Amino acid sequence: MRFAVLGPLEASTDGGRAVRVPELKVRALLACLLAHHGRAVPAERLIEGLWGAQPPGRPLGALRARVSQLRRAFEEAEPGARELVVTRPPGYLVGGDTDARRFQEAVERSRAAAEPGERAALLAEALSWWRGPAFADFADVPLVRRAALRLEEQRLAALEDYADVRLELGQDTSQIGELTELAAQHPSRERFHALLMRALYRSGRQADALEVYRALRVRLRDELGLDPGPEVVALHQAILGQDPGLRRPPRAPAPVPARLPQPLTELVGRDEALAELVALPGTARLVTLTGAGGVGKSRLALEAAHRLAGGFDGGAYMVELSGVPAGSPTDVADAVAAALGLRDGGGAAGQGERIAAALGTRRTLLVLDNCEHVVEPVAKLAELLLRAGPETRLLATSREPLGLAGEVVRQVPPLDGAAAARLFVLRAAETGPGLTMDAGVVETICRRLDGIPLALELAAARVRSLGVRVLAERLDDRFRLLSAGRRAGPAHQRTLRAAIDWSWELLTAPERVVLRRLAVQAGGCTLEAAERVCAAPVPIPGGPPGDAEPHVPQDLDPADVVDLLGRLVDRSLVVRAGERYRLLESVAAYALERLREAGEHERVLRRHAIYYTQLAECAEAYRSGPARHHWVRRLDAEAANLRAALESARLLGDTRLAARLTGSLGWYRIQSGRAAGGGLKGLPADHPLRRDGDLGTVAGIRPAGGVDAQH
């Protein structure tokens with residue numbers, strides 16, 4: 001469990017999930033315990049601190065009730081966490097990590113650091129933990145007030161140290177505004193005034209520096225009857241004498257300048273995304289581009305980096321991480337250091353601090369490309385760099401977000417129809433002049449390949465040998481067809497199969513189970529459908545007999561599917577649109593291969609057919625009531641799945657299931673068709689049910705068994 005006290009009081013699990021602590025008195029109790037750093041607080045003092053001069057009738061019982069509530073809140077958030085609230089005579093204490101401890105630890109490390117750049121990085125990290133006044137919502141509680149004041153004093157001392165070391169690094173003019181504000185907020189802290197005097201003098205403003213001293217001396221004499229301390233007086237004399245020791249030190253060495261790679265082709269169809277991306281570093285310090293494999297994240301990031309490079313005096317650098325072994329913090333830091341020209345080793349922690357010190361406060365752009373397999377070490381390094389360097393900007397590409405506070409995530413979608421066709425035609429024309437291409441066939445190819453630039457470029461390379469018509473006809477075997485890949489670039493971006501293999505290998509076993517089973521869904525599905533088809537199905541209460549599936553050892557629990565599905569969305573393998581989830585066609589084809597390899601194809605097809613048959617029977621129960629409009633819309637959305645379910649029943653030889661499905665859809669065909677005679681005649685030409693008239697071949701057969709109308 002983690003606690004945040006450097007600002008409003010917050011609690012979270014080790015996994016980062018917020019812990020809800022109900023009732024103001026319970027939160028105040030937690031603040032009192034945290035303010036005492038793991039020391040037991042006597043029950044009498046807690047009662048006085050919580051209720052003051054008006055304690056309840058049974059004060060000890062009331063305190064115990066609040067302690068019990070606090071333990072229950074911890075336990076509900078994280079099993080076993082109730083043990084953090086310890087009963088220890090003469091009272092209670094609470095365990096757990098706090099941001100105050102991390103702040104103090106970083107400050108101590110800064111005092112032991114030898115290099116100014118390292119001290120600056122550590123102090124920046126320490127100060128970044130602050131979100132507002134310490135114990136902001138409970139600072140007036142007597143048992144908390146002293147701890148809040150002590151932490152505030154430590155914060156001010158850290159601010160002074162940070163400004164001092166930045167002056168040592170030659171950063172003076174950039175600090176004048178901040179130091180002016182701090183000196184005004186704390187008129188009796190002489191060190192802020194001394195730092196401001198040094199910054200002004202180094203910036204060529206000797207008269208302003210002397211005026212700061214004069215105003216401080218007058219204020220101290222008028223309000224306190226004191227003179228400035230000897231350090232400030234000595235600084236005043238040094239400024240008057242223009243002491244050479246006050247001059248600005250040489251600048252810290254910068255990273256080795258590096259050129260961004262030059263793109264080999266024109267960026268197609270990303271004008272709006274590029275314009276937004278170029279504008280983001282002004283307000284966002286970390287931007288992560290996510291999307292499916294081959295969708296063009298790296299290419300978009302490179303183009304944005306070229307557009308932005310002129311605004312970063314510290315340089316723009318591209319760090320290719322695809323060759324870094326999975327989960328290796330040291331190798332990630334080494335790759336970034338190598339891109340910056342900082343080739344000294346020192347381990348992951350030392351290397352990260354060396355990078356932060358080298359970047360300093362220069363305005364620098366780092367593009368971290370292909371982060372998905374090393375997302376945790378990249379996230380840790382990114383957090384360190386952002387805390388240490390206020391002017392550092394990071395642009396990452398990954399198939400899932402880094403998961404850091406302040407991260408701005410932008411999904412890179414597949415190309416739309418027009419842009420996909422333009423890219424395909426451009427790349428095909430590069431393979432040979434004079435190629436003729438039917439626009440309708442090109443549109444079909446682009447749609448079947450989901451507008452994924454990698455797939456489109458690989459397909460375009462086959463036009464010269466196959467022509468567009470044969471190419472379109474053979475897309476059912478797309479992984480073999482598009483296996484003649486690129487000879488350059490990361491290995492996982494050279495063929496369509498390699499791109500999806502790369503994502504598959506990063507999945508856990510349960511995530512792979514859900515992904516391959518989703519492949520039987522046609523046209524997407526709801527969360528409920530995913531739960532019933534991807535996991536051990538739960539019978540519908542009152543549903544038709546004979547639908548139960550034999551027990552499958554070690555199958556997924558339906559309750560786990562929602563979390564697994566969310567992770568697949570995060571990893572850009574499942575697309576969420578509103579309340580529906582779908583796979584891109586290439587991902588679905590790949591997952592279907594994996595489903596057959598796992599020996600699950602027939603079993604999952606049966607689950608799919610049973611679920612949509614039960615759905616149709618549930619809809620039929622509402623065919624004459626006011627809810628029929630809802631069910632018509634629901635069946636419209638599932639038309640492709642209903643057709644697939646019928647086909648599955650036939651493939652499985654289950655004529656009874658096919659009869660139930662078609663029989664329960666008779667009313668729907670009539671209402672959807674808006675035709676007096678029913679059937680399919682009134683349906684639009686492109687309606688999914690119109691494309692398979694067989695759904696009406698056994699119309700009129702009633703469903704076997706009953707079904708609960710509340711499904």
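Mentor: Let us settle terms first: two strands pair if DSSP finds at least two bridges between them. Helices (H or I, at least four residues) and strands (E, at least two) are DSSP runs, numbered from the N terminus.

Trainee: Understood. What kind of model is it?

Mentor: This is a predicted model, in which local features need pLDDT of at least 70 and side-chain atom pairs count only at pLDDT 80 or more, while totals for chains, interfaces and linings use all residues. Residues are numbered from 1 along each chain as its sequence is written, and side-chain values use heavy atoms, with hydrogens and water left out.

Trainee: How many helices and strands are there in the protein?

Mentor: The protein has 31 helices and 14 strands.

Trainee: Which two strands form a hairpin?

Mentor: E4 and E5 do, with 2 residues between them. Strand E4 (residues 85-88) pairs with E5 in the antiparallel sense over 4 bridges, and Thr87 has Tyr92 in E5 as its bridge partner.

Trainee: What joins Pro89 and Pro90?

Mentor: A cis peptide bond, with omega at about 10°. Pro90 is in the loop between E4 and E5. For background, most peptide bonds are trans.

Trainee: And which strand is joined to E5 by 2 bridges?

Mentor: Strand E3 (residues 41-42) is joined to strand E5 (residues 91-94) in that way, and the two run antiparallel. Pro42 stands opposite Gly91 in E5.

Trainee: What is the strand order in the open sheet of 3 strands?

Mentor: The order is E2-E1-E6, with mixed pairing. Strand E2 (10-12) and strand E6 (97-98) are the edges; each has a single partner strand, so one side of each is left without a neighbour in the sheet. Strand E1 (residues 2-4) pairs with E6 in the parallel sense over 2 bridges, and Phe3 has Thr98 in E6 as its bridge partner.

Trainee: New topic: backbone angles. Where does His37 lie?

Mentor: His37 is in the loop between helix H1 (24-34) and E3. Its phi is near 50°, a positive value in a residue other than glycine. Asn370 also has a positive phi, near 65°, and is placed in the loop between strand E9 (364-369) and helix H15 (375-388).

Trainee: Is Asn370 buried or exposed?

Mentor: Asn370 is buried, with a relative accessible area of 4%. Buried means under 20% relative accessible area, exposed over 50%, and partly exposed in between (1.4 Å probe, protein chains only). His37 is partly exposed, at 40%.

Trainee: How much of the protein counts as buried?

Mentor: Of its 711 residues, 50% count as buried.

Trainee: Which residues have the most contacts inside the largest nonpolar core?

Mentor: Leu395, Phe424, Ile445, Leu515, Leu518 and Leu583, in a core of 105 residues. A nonpolar core is a set of buried Ala, Val, Leu, Ile, Met, Phe, Trp, Tyr and Cys residues joined through side-chain atoms within 4.5 Å. H27 gives the most to this core, with 10 residues. A second, separate core of 83 residues includes Val107, Ala148, Ala183 and Val212.

Trainee: What does Leu395 touch?

Mentor: Not counting residues up to four places away in sequence, Leu395 touches several residues, among them Leu277, Val287, Leu289 and Leu365. Contact means heavy atoms within 4.5 Å.

Trainee: Finally, how many cavities of 30 Å³ or more does the structure hold?

Mentor: There are 4. On a 1 Å grid over the protein atoms alone, a cavity is a set of points where a 1.4 Å probe fits but cannot get out, and lining residues have an atom within 4 Å of a point. Grid points are joined across faces, edges and corners, and a volume is the space filled by probe spheres set on the points.

Trainee: What lines the largest cavity?

Mentor: The largest cavity has about 100 Å³ of space. Of the 13 residues that line it, the closest to its centre are Ala292, Gly293, Ile500, Leu584 and Val587. H22 gives the most to this lining, with 4 residues.

Trainee: And the second largest cavity?

Mentor: About 60 Å³ of space lies there. Its lining includes Glu372, Arg399, Glu400 and Arg571.

Technical notes. 1 Å grid on protein atoms, 1.4 Å probe; cavity = no way out; pocket = protein on both sides within 12 Å on 5 of 7 lines; lining within 4 Å.
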